[in-house]
Amino acid sequence: MIDWSQKLSPIVQSLKPSGIREFFDIVATRKDCISLGVGEPDFVTPQIVIDHSIQALRDGYTHYTGNSGLLSLRKEIANYLAREYDLHYNPEKEIIITVGVSQAVDLALRALVSAADPVGRRPDAPAAGVLYSEPCYVSYVPMIRLAGGVPQKTVATPENDFSLTAADIRSELDSENAQSKILFLNYPSNPTGASIGKAALTEIAALAHERNLIVISDEIYGELSYEEKHIPFATLPGMRERTLHLGGFSKAFAMTGWRIGYACGNENLIRAMTKIHQYSMLCAPTLGQIAAETALKYAIGERDKMRDEYRLRRDLIVRGFNAMGLPCFNPQGAFYVFPDIRKTGMNSMQFAQELLAAQNVAVVPGDAFGDSGEGFIRCSYATARKEIEHALAKIAKFVAGKI
Ligand SMILES: Cc1ncc(COP(=O)(O)O)c(C=O)c1O
């Protein structure tokens, strides 16, 4: 008999399976359950994108593309970022198309962590630290660890509506075990929906410069910003050269299944990422790339319509939670709210389980996004307004007996 514990990678064995998997396995078996759990748009991909993609298949676009992705798509992304944010990249050297933002994160970490950890380093030399902020997207810590990095966390606090500050980052960089050379940002954030305002971003940028940090900025929800226009980190003074800007199509264009994202940054970093990509992935899906190009050319109006609808839903759900007595700040972006359930006296998993049992409504326990998410739940409003109203009424009923 093979002893797999001796065969499998120790890092992989040490990763905990996602804490919410079991819970959502149960949710999947329940009839008529309203789920505010999923992190993906309920909208289908814009019709024009679907139509062009079907035609592309008929026209024979069934082969590999170059490793960096279709040049026509990279050019379209460069135009898009220039138009939207006055952010400029050379499509030939500074952009790579990836399999979702997920793969862009993986490539970036592998490229940078190995750069910070030269082959043959002394066994006692510090490994590459990656500073990230909690509560955070469930994949970050496992991906940092799989890349051989050491996750170092800072916490965005509820007192500041979960918006990260330079002071949060500085105190972590100055802590005893600090070893981070890479700063990982995500705003608007999954799971809180919090963004970072211009003043705080400017201070974070100054800190990144002072400490010579490389910044990986996951801005997949950038287009889903409701009050203020999104500010890419790379547009802050001096940040373009030290920032890897990550964007994608899954959220703003309702294209999760097409699996397309992109990374833009310094050509040395993009070249390093392309090397890993060419050996591990060859290229992002060709059909997805064609779909993404079509989206940028012809579906900006659809993108804006979906964003406007999300905004109405956000207003509805924030109002609903506050009215039932669960404090909920008004998140500026993404499609999540993060209401505070501490008044109920339950922990977040207990709240989610009991709510499911009593009212057949599924929400995600906040501690799935790190310990600092305890006392909160994540609710996605990528669900029709009628469903949200229905869910809110049921949650209010559940909560009424508890606070
Ligand atoms: C913050 C964040 N980054 C990245 C991803 C992955 O996106 P993609 O579908 O582009 O791989 C998600 C998906 O939920 C996310 O929430």
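Biologist: Why is Glu134 called buried?
Modeller: Glu134 has a relative accessibility of 6%, and buried means under 20%. The value falls under that limit, so Glu134 counts as buried. Please keep in mind that this is a predicted model.

Biologist: What makes the pairing of Lys153 and Glu134 a salt bridge?
Modeller: Side chains of opposite charge can pair when their charged atoms come close. The label asks for a Lys or Arg nitrogen within 4 Å of a carboxyl oxygen of Asp or Glu. For Lys153 and Glu134 the N to O distance is 3.5 Å, so the pair qualifies. Lys153 lies in strand β4 and Glu134 in strand β3 (residues 129-134), so this bridge ties together parts that are 19 residues apart in sequence.

Biologist: And why is Lys153 called partly exposed?
Modeller: Lys153 has a relative accessible area of 31%. Partly exposed covers what is between the 20% limit for buried and the 50% limit for exposed, so Lys153 gets that label.

Biologist: How many salt bridges are there in the whole structure?
Modeller: The search finds 22. One of them joins Arg313 and Asp42, whose closest N and O atoms are 3.0 Å apart. That pair links distant parts of the chain, 271 residues apart: Arg313 is in helix α12 (residues 300-323), and Asp42 is in the loop between β1 (34-35) and α4 (47-58).

Biologist: Are the two partners buried or exposed: what labels do Arg313 and Asp42 receive?
Modeller: Arg313 is buried, because its relative accessible area is 3% and the limit is under 20%.

Biologist: What can you tell me about Lys305 and Glu302?
Modeller: Their side chains meet in a salt bridge, at 3.4 Å from N to O. That is within the 4 Å limit, so the label holds. Both residues belong to helix α12, where they are three residues apart, or about one turn of the helix. Lys305 is exposed, because its relative accessibility is 57% and exposed means over 50%. Glu302, with 34%, is partly exposed because it lies in between the limits. Elsewhere, salt bridges that share partners join Glu84, Lys229, Arg303, Asp304, Arg307 and Asp308 into one network.

Biologist: Now the loops. Why does Ser163 count as buried?
Modeller: Ser163, in the loop between β4 (150-155) and α8, has a relative accessibility of 13%. This is under 20%, so Ser163 is buried. Leaving aside neighbours within four places in sequence, its contacts include Ala156, Asp168 and Ile196.

Biologist: What makes Tyr89 buried?
Modeller: Tyr89 sits in the loop between α5 (71-85) and β2 (95-98). Its relative accessible area is 7%, under the 20% limit, so the label is buried. Beyond neighbours within four places in sequence, Tyr89 is in contact with several residues, among them Leu81, Ile95, Arg240, His245 and Cys264.

Biologist: Last one: which residues form the nonpolar patch on the surface?
Modeller: Ile2, Trp4 and Leu8 do, with about 320 Å² of accessible area together. Ile2 lies in the segment before α1 (4-7). Patch residues need over 30% relative accessible area, and Ile2 has 49%, so Ile2 passes that cut-off.

How values were computed
Residues numbered from 1 in each chain as written. Predicted model: local features only at pLDDT ≥ 70, side-chain atom pairs only at ≥ 80, totals over all residues. Heavy atoms only, no water. Patch = residues over 30% accessible without salt bridge, like charges linked within 9 Å, V, L, I, M, F, W, Y side chains within 5 Å. Areas by Shrake-Rupley, 256 points an atom, 1.4 Å probe, with all protein chains shown as cover. Helix = DSSP H or I, 4+ residues; strand = E, 2+ residues; numbered from the N terminus. Buried < 20%, exposed > 50% of the residue type's maximum accessible area, 1.4 Å probe, protein only. Contact = heavy atoms within 4.5 Å.
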